[in-house]
Amino acid sequence: MKWQIGYQSNKALVSYLIQHKESVSEIYFPWMDFTTGRGVISADDRDTLSANLQEFRSAGINLTLLLNGNCYGRQSLSGEFYQKLKQNISHLISEYSISGVTTTSPLIAGMIRKNFPEIEIRASVNMEIGNPEGIEYLLDDFDSFYLKREYNYNREIILRMRDFCRRKGKKLYILANSGCLNFCSARTFHDNLVAHQHEIDHAGEVIAYQGQCTRYLASGNNRENILAKTNFIRPEDVHLYENLCDGMKLATRTNFNPMAIVHAYFNGRFHGNLLDLTEPAHSALYPGQIIANKLIPDGYTEFRLNCNKICENCNYCKDVQKKATITL
């Protein structure tokens, strides 16, 4: 498996990725003040980003621009906004030879298709596409698609999506290490907040919001079955997906230890706390406890790929988690 890695301004990470470029299919990155699924890049980080992009380009690593904000507010239909986008994409092609754009916006995808036909246009995981119809509606303007997170453990749906993409000449990708709770009712709300974070920060007194996942997992009882309510794939189990998708993405843009993530997935093994590998990482919500990856049984992922998905009537994942939990 080759990996799509989220950019983080981390010298050790940049060096490691260049040294192991044979495992990297691309680096995806934000640019300027265009909002993404993790807000916008700060002005202080832009010079470092530019230098790192040049390093990746020199190493022959593909680069993909993120335009995957969930909302662009009053700019969403602005001609001036799209002109600015065109100018910046043109600059990124000439300066860094970017090869792709990931977006949530069909309008942005259409603009890129018209003006930069050589660029691969990918539908963001934030679009939550989980059936062939969701792909069919976007065939004209997108070349590849991320699978809806919640279906990472549904072999039937993955095969259906893979086969449909191949018939249509498209590609299917999977996000491997999301920490988002499955079918989160507040995800759209939270993604919209993130898209407007740079505006919210200048709005005076701001009400604290931690995210519904954090609030839910604050309860000890709710923490007992996080495996069933999340969709991340262990490094040891990635080989099971080799023929199910065209590649995998690692979320590393905000994780506190992105080196641990890329090292684990590049090597196909991890000996620590599983919750350190996700983004968001939930390990801080389990004080004094870890879910030891080495104690997860070998058949765990095969079981989940083929189970009936009626989690309320099953304790398999809960029992696995209980046996793998170590109290420090």
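Trainee: Where does Pro280 sit?

Mentor: Pro280 is in the loop between α11 and β9 (289-291). Helices (H or I, at least four residues) and strands (E, at least two) are DSSP runs, numbered from the N terminus. Keep in mind that this is a predicted model: local features need pLDDT of at least 70, side-chain atom pairs count only at pLDDT 80 or more, and totals for chains, interfaces and linings use all residues. Residues are numbered from 1 along each chain as its sequence is written, while side-chain values use heavy atoms, with hydrogens and water left out.

Trainee: What kind of peptide bond joins Glu279 and Pro280?

Mentor: The bond from Glu279 to Pro280 is cis, with omega at about 0°.

Trainee: What makes the phi of Met32 worth a remark?

Mentor: Met32 has a positive phi, near 50°, and is a residue other than glycine. Met32 is found in the loop between β2 (24-29) and α2 (46-58). Phe183 also has a positive phi, about 50°, without being a glycine. Phe183 belongs to the loop between β7 (171-175) and α7 (187-195).

Trainee: Why is Met32 called partly exposed?

Mentor: Buried means under 20% relative accessible area, exposed means over 50%, and partly exposed is what lies in between (1.4 Å probe, protein chains only). Met32 has a relative accessible area of 30%, so it counts as partly exposed.

Trainee: And how do you know whether Ser144 is buried or exposed?

Mentor: Ser144 comes out at 0% relative accessibility, so it is buried. This serine lies in strand β6. Apart from neighbours within four places in sequence, Ser144 is in contact with Glu120, Ile121, Arg122, Ala123, Lys171 and Tyr173; contact means heavy atoms within 4.5 Å.

Trainee: Which residues does Ile157 touch, leaving aside its neighbours within four places in sequence?

Mentor: Ile157, in helix α6 (residues 155-167), is in contact with Gly130, Leu147 and Tyr151. Its C-alpha atom is 9.5 Å from that of Leu147, ten residues away along the chain.

Trainee: Why is the pair Arg113 and Asp143 called a salt bridge?

Mentor: The rule asks for a side-chain nitrogen of Lys or Arg within 4 Å of a carboxyl oxygen of Asp or Glu. For Arg113 and Asp143, the closest N and O atoms are 2.9 Å apart, so the pair qualifies. Arg113 is in helix α4 (residues 106-115) and Asp143 in the loop between α5 (132-136) and β6 (144-146), so the bridge ties together parts 30 residues apart in sequence. Arg113 has a relative accessible area of 22%, so it is partly exposed. Asp143 is partly exposed too, with a relative accessible area of 22%.

Trainee: How many salt bridges does this rule give?

Mentor: The count is 14 salt bridges. Among them, Lys148 pairs with Glu150, the closest N and O atoms being 3.7 Å apart, and both of these residues are buried. Salt bridges with shared partners join Glu128, Lys148, Glu150 and Arg187 into one network. Another bridge links Arg234 to Glu236 at 3.9 Å between the closest N and O atoms, and Arg234 is buried, with a relative accessible area of 5%.

Trainee: What makes α1 roughly parallel to α11?

Mentor: Axes are lines fitted to C-alpha atoms, for helices over the stretch in contact, and angles run from 0 to 180 degrees between N-to-C directions. Angles under 35 degrees count as roughly parallel, over 145 as roughly antiparallel, 65 to 115 as roughly perpendicular and the rest as oblique. The axes of helix α1 (residues 11-19) and helix α11 (residues 258-267) come within 9 Å and cross at roughly 20°. That angle makes α1 roughly parallel to α11. The contact involves Ala12, Leu13, Tyr16 and Leu17 of α1, and Pro258, Met259, Val262, His263, Phe266 and Asn267 of α11.

Trainee: Why is α3 described as oblique to α4?

Mentor: Helix α3 (residues 79-96) and α4 pack at an angle of about 50°, their axes 11 Å apart. An angle like that falls among the rest, so α3 is oblique to α4. In this contact, Tyr82, Leu85, Lys86 and Ile89 of α3 meet Leu107, Ile108, Met111, Ile112 and Asn115 of α4.
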